[in-house]
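Visitor: Please show me the model. I would like to ask about its pockets, cavities and helix packing.

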Amino acid sequence: MPTDPARIRSLLDESATLALLGRLAADIDAAVQPDERLVLVGIRRRGDSIATEIARGLAERRGPVPTGSLDITLYRDDFAQVGALPRIGTTNIPEDISDAHVIIVDDVLYTGRTIRAALNELADFGRARRIGLCVLVDRGGRQLPIQPDYAGRVVDVPDGHEVSVRVSDLDGAWGVDLVRKESDGDGQ
Amino acid sequence: MKRPVLLVGGRVVDPSQSIDEPRDVLVLGGRIEAVERGLAGPDEAERIDVSGLVVAPGLIDVHVHLREPGGEHKETIRSGALAAAAGGFTTVWAMPNTDPPLDDPAAVGFVRQEARAWARRGEGGARVSPVGAASRGLAGERMTEIGGLVEAGAVAVTDDGYPIADPALMRRLLEYTQTFGIPVLQHAEDRALSAGGVMNEGAVATALGLRGIPNVSEAAVVARDVYLAELTGGHLHVQHVSTREAVESIERARERGAPVTAEATPHHLTLTEDAVRGYRTDAKMNPPLRTERDRIAVREALIAGVIEMIATDHAPHHYEEKEREFDDAPFGIVGLETALGVCIRELVEPGDLPLSGLVDRMSCAPARAMGIEGGSLRPGRPADIVVFDPGEPWTVDPARFLSRSRNTPFAGERLTGRVRRTIVGGQTRYVGS
Amino acid sequence: MSDPGAGLGLGKDLVGLEPLGREQILGILDTAEPFKEISERQIKKVPVLRGQTIVNLFFEPSTRTRISFEFAEKRLSADTVNISSSGSSVEKGETLVDTARNLEAMRINMVVVRHGSSGAAGFLADRIPSNVINAGDGQHEHPTQALLDLLTIRDRFGSIEGRRVCIVGDILHSRVARSNIWGLLKCGAEVAVCGPRTLIPAGIGDLGVRVLRRVEEAIEWGDVLYVLRLQLERMKGGYVASLREYNRVFGVSSERLRLASDDLIVLHPGPMNRGVEIDSDVADGERSVILPQVTNGVAVRMAVLYLLAGGQPELAETAKGGVA
């Protein structure tokens, strides 16, 4: 969706974003024992692109890490309000997650409801030994008791703004922006 | 003693006397006394100002279902007669498919008496003449005692809603009725071909997944009956013509001088099978609404006089019965209170039939063809008169019908031409508001 | 209670495919894709319709369709109630209007209805605020069947556009045929029908469909052969002399299929009369996609239930900003 460039302020350019992703990979590698079976699960959309990039960073250190993607549309708790979203993505968990150390990967952590939905959905795939959470941006504003184990950057988001993460395979390049939302006085 | 009536300032349209001009009408003793300009009636006469309105012989409908005895929740003889008067009709013929059917003299007599009793109480509408059943129980097997039915007041015989299917029986009827000079009214349908059908057979029925009734179901029976009329010399009257094929048979009969008359309904002149889309049960009737080609053929035949008259086939049904799956809903729609408005809008307004022609089709022709006393304002005739505004637009609101039933496809439609007063035998039976 | 205007603008109900547009039909097929995956999981359940009550109102007996809908409903975590009723409302003594009013009074969210009268689903839909899904009304439409058929064809060929599909059998009495005709034409397929002339309805050409006289022609012409079940009642109605005669002239056999192109596939809505309209070796053979039809049936029905149960796409876009 085309946004008026005047409303976008860049927080992290591509190289800064990639550097952050590299640091997250290092943090995860340090925290997860070499003998634990690690699986990354990215939340569509963009969470899975981030998971793939982090997995590349991890592969350099500990070998290939299985990566899956999760679409949480059917597990949202707000169906009655937002209704049917026709574009449901496919969920693809390539490994049995029973007894695995799963790390959920997402772009922005805000209220925590997406993560709750992801936890519910993952539970239908098996009983992981341990589940952790890795996010590129933590903007606060939690409505549920959910905290990240690995956070790239904490961002304070003023009223009327939102954080937008760009990933190279969907948006052309990596980056993190602060976007001023459209208001009524913005002209027709 | 009935008070004399003087209708002043109207335009008299009476094809039976070739009159279409401003004239006054004086009614004395229940009969037409004079139709002249500048009439001065006796002092005690009721002067009714009808300027701007048309004064014509009362409309005649030879095909009406009054549902009494047996179906009083849909209509009674009284409510039907009042609905007829509201539609401008002064005589209607009541069909015998009641419960019990009008297949014996007592039943026929009951209908005649009932109508007269209401009239005597001052609550009557149009004149009601019962039509007797052609076969016992309408079963299509044995002829009824037609002489007995005629004595009791029957003016014709029919098995309508059912066809007289057996050609041998039809022959006997056409022969036997000649003793009494009455017509045999035929609902032409081959029930083997129409079996299970609920609308016209064709692309619309296919898309809707409804079983169809093909044209030939009507056409084959009409063709056969026309030959029987020719053979026997009896008077065949073809009811509710709906197909171009039946029109052709009637045309040929006309050319050969066969004793065949025919009627068409306002809805068959106006609507096609497309009216059924959406499973509208108010467009479900038998014979069904057909294609545009058929509609045009029937319309042109009526305009040319090949089909002499209009008849409504007024078929009241209670709301709940029509509020059903299409397959289960009964056939038929009401028509008395919309007939004139539909016909003026559809035939006169576009300029295809002059108003005098319409009056002929709705009054003079049925009287002439069926031997009914009426259809004319000739002095000495019974004062059966309709007064109407031929240009007044109005919107159909079934809730305001005098009929007990509301099943019409014209609900909400704008029609042209409104009845203002209906006089039967010199007495006003309906005044429009 | 559910809101009308689901993401594809489907409105409150799914009564047939005739009123839908191409984008809507393809949209439903797209929505069905992720639901296929759910049926492959160990736990075949998603919570999206939790708390919704769905009534399966079947006035005509049907095991297969009802079970397929039940699976779809339960996999979406809805509560289901089955009501079976045989006979017309006149026989039962309760009119369809009264049935509708009772359902409304019970505050049911969704009704899946199968009825013997054409127009019955629309009749119900017009009278109750619940979502109504037509599971087959008389000879009129059976939209979810056609949708799963379209999905199966698309799975095999990649697209429906330009495909030649011939429906073989009793077209006259078939709501499956009618729904498929609408769906296929709107998605750009070429459609033909083939069968005994007594069972080809009047005016079918006006719908945009060609009529092939012999099944051999259909096999040579088509990419897809859709074989309809021949019902025993047709013998009583005098449309066909016997089942044997029907099989002799119109039966789809391996022998006849030798005329087919390599990629011709065979569909059947089920249940099959083996040896009548279709021979066993064809039904069980390589060209048959009859079992994938059944699998797709549950996914398509899940998609339809999902799309009708909710429906405000504008909210979805704005909500995305806040739910993270």
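Visitor: Which residues lie nearest the centre of the second largest pocket?
Guide: This is a predicted model, where local features need pLDDT of at least 70, side-chain atom pairs count only at pLDDT 80 or more, and totals for chains, interfaces and linings use all residues. Residues are numbered from 1 along each chain as its sequence is written, chains are lettered from A and ligands numbered from 1 in the order in which they are written, and side-chain values use heavy atoms, leaving out hydrogens and water. A pocket is an open set of points on a 1 Å grid over the protein atoms alone, with protein on both sides within 12 Å along at least five of seven lines; lining residues have an atom within 4 Å of a point. The second largest pocket has 42 lining residues, and nearest its centre lie C:Thr65, C:Arg114, C:Arg175, C:Gly270 and C:Pro271.

Visitor: Which helix gives the largest share of the lining of that second largest pocket?
Guide: Helices are DSSP runs (H or I, at least four residues), numbered from the N terminus. Among the elements of chain C that give two or more residues are helix 2 (64-75) and helix 7 (175-186). The largest share, 7 residues, comes from helix 13 of chain C.

Visitor: What is the volume of the largest cavity?
Guide: A cavity is a set of grid points where a 1.4 Å probe fits but cannot get out. Points are joined across faces, edges and corners, and a volume is the space filled by probe spheres set on them. The whole structure has 5 cavities of 30 Å³ or more. The largest cavity holds about 50 Å³.

Visitor: Which helix gives the largest share of the lining of the largest cavity?
Guide: The lining includes A:Asp71, A:Tyr75, C:Pro34 and C:Arg41. The largest share, 3 residues, comes from helix 1 (residues 22-38) of chain C.

Visitor: Which chains share the most contacts?
Guide: Contact means heavy atoms within 4.5 Å. No contact joins chains A and B; their closest C-alpha atoms lie 28 Å apart. Of the 2 pairs of chains in contact, the most contacts are shared by chains A and C.

Visitor: How do helix 1 and helix 2 of chain A pack, and what is the handedness of their crossing?
Guide: Helix 1 (residues 14-31) and helix 2 (residues 47-62) of chain A pack at about 55 degrees, with axes 9 Å apart. That angle makes helix 1 of chain A oblique to helix 2 of chain A. The crossing of helix 1 and helix 2 of chain A is right-handed.

Technical notes:
Axes are lines fitted to C-alpha atoms, for helices over the stretch in contact, and angles run from 0 to 180 degrees between N-to-C directions. Angles under 35 degrees count as roughly parallel, over 145 as roughly antiparallel, 65 to 115 as roughly perpendicular and the rest as oblique. A crossing is left-handed if the near helix is turned anticlockwise from the far one by less than a right angle, and right-handed if clockwise.
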